[in-house]
Amino acid sequence: MSRLRYYQYEALDAIRGMHDQFRSTACVMPTGSGKTEVYLSLAVEESLRTLVLVHRDYLISSPVSRLAADGFANVAVEKAESRAERGGRRAQIVFASVQSIGPEARTARLRTVDPKDFGLLVIDEGHRAPSPTYRRVQNYFEAGNPKLKTLILTATPKRKDGIALGNVCESIAYEMTPAQAAIEGWIVPPRFFVRDVPELDFSKIDMRGQDLNADQVADLLTREEPLHKLCASLAEDQGPTIIFCPK
């Protein structure tokens, strides 16, 4: 792998140290700071057969392209019609869609992947790990292979439903805050802008205690027309922009 940043080396050392003591550990780093580089380096350098559990196509295509740029092509995909283990193939790094192997209805497909063939389970976007579909995969792998190590990566360890990451992870190996990353120049510092979008009518949102109903707020904020107007106004004023939204 290409040369890492100093804190990515620190994260790798910390993960290895925690894996000497615990079966599972977490790495918490902000979006854009290079969590993918960390787990790819660990998988390649340790020569561990690795299963990477993801929920979006770009979390497969991006790291696969990244590995290819370094001349590493020993990868396979378990998603939809793609089968990683077909024809006796044993790729070193397997990217698996949680939608394909996580639901209870997909148990038969999950069982076609043998946990004993893997040394490392990586859960990307790890704040999702406490959800039932992720837990089903993690439990299957950890129960089927006592030697397996689990690495959970996330930028947001706190879930809005209150389920703690500690339910699925024994330790936190490394943590970098967004403030630290911004101060050191690894990510841009956050800036806040106010936009008036008349189409966003909060008057019909129910209250839950002292707060607005979060699900109704999320539904309102992600409706296509107001969302496009909001994003367009920011892009016109500020140029290329990343916008985080409820989903």
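**Figure 1. Accessible surface and overall fold of the predicted model.** The protein exposes about 13,800 Å². Carbon and sulfur atoms supply 53% of that area. The model is predicted. Of its 247 residues, 41% count as buried. The fold holds nine helices and nine strands. Its radius of gyration is 20 Å, close to the 18 Å that the globule rule gives for 247 residues, so the protein is as compact as a globular protein of that length. The C-alpha trace spans about 55 × 45 × 35 Å along the principal axes. Take the contacts between residues at least 6 apart in sequence: 71% of them join residues at least 24 apart.

**Figure 2. Helix α3, residues 58–69****.** The helix has twelve residues. From first C-alpha to last, α3 reaches 16 Å, close to the 16 Å expected at 1.5 Å a residue. Just after α3 comes Gly71, with a positive phi of about 80 degrees.

**Figure 3. The buried face of α3****.** Leu59, Ile60, Pro63, Arg66 and Leu67 are the buried residues of this helix. Seen down the axis of α3, they fall within an arc of 140 degrees, so they line one face of the helix. An α-helix has 3.6 residues a turn, so residues three or four places apart point the same way. The cover over the buried residues of α3 includes helix α2 (35–45). Strands β2 (50–54), β3 (75–78) and β4 (93–97) are also among the elements that cover them.

**Figure 4. Ser97 in strand β4****.** Ser97 has 7% relative accessibility. Buried means under 20%, so Ser97 counts as buried. Its side chain makes a polar contact of 2.8 Å with the side chain of Gln99. Leaving aside neighbours within four places in sequence, Ser97 is in contact with Leu53, Val54, Glu78 and Lys79. Strand β4, where Ser97 sits, is also among the elements that cover the buried residues of α3.

**Figure 5. Thr222 in the loop between α8 and α9****.** Helix α8 covers residues 214–221, and α9 covers 224–238. Thr222 is found in the loop between them. At 33% relative accessibility, Thr222 counts as partly exposed. That class lies between the buried limit of 20% and the exposed limit of 50%. Thr31 is 191 residues away from Thr222 along the chain. The C-alpha atoms of Thr222 and Thr31 are separated by 21 Å.

Terms used: Residues are numbered from 1 along each chain as its sequence is written. This is a predicted model: local features need pLDDT of at least 70, side-chain atom pairs count only at pLDDT 80 or more; totals for chains, interfaces and linings use all residues. Side-chain values use heavy atoms; hydrogens and water are left out. Helices (H or I, at least four residues) and strands (E, at least two) are DSSP runs, numbered from the N terminus. The expected span of a helix is 1.5 Å times one less than its number of residues. Buried means under 20% relative accessible area, exposed over 50%, partly exposed in between (1.4 Å probe, protein chains only). The arc is that of the directions from the helix axis to the C-beta atoms. Contact means heavy atoms within 4.5 Å. A polar contact is a pair of N or O atoms within 3.5 Å; within protein, one must be able to donate a hydrogen and the other to accept it, and residues adjacent in sequence count only if both atoms are side-chain atoms. The radius of gyration is taken over C-alpha atoms; the globule rule is 2.2 Å times the number of residues to the power 0.38. Accessible areas come from the Shrake-Rupley method with a 1.4 Å probe; for residues, only the protein chains shown count as cover.
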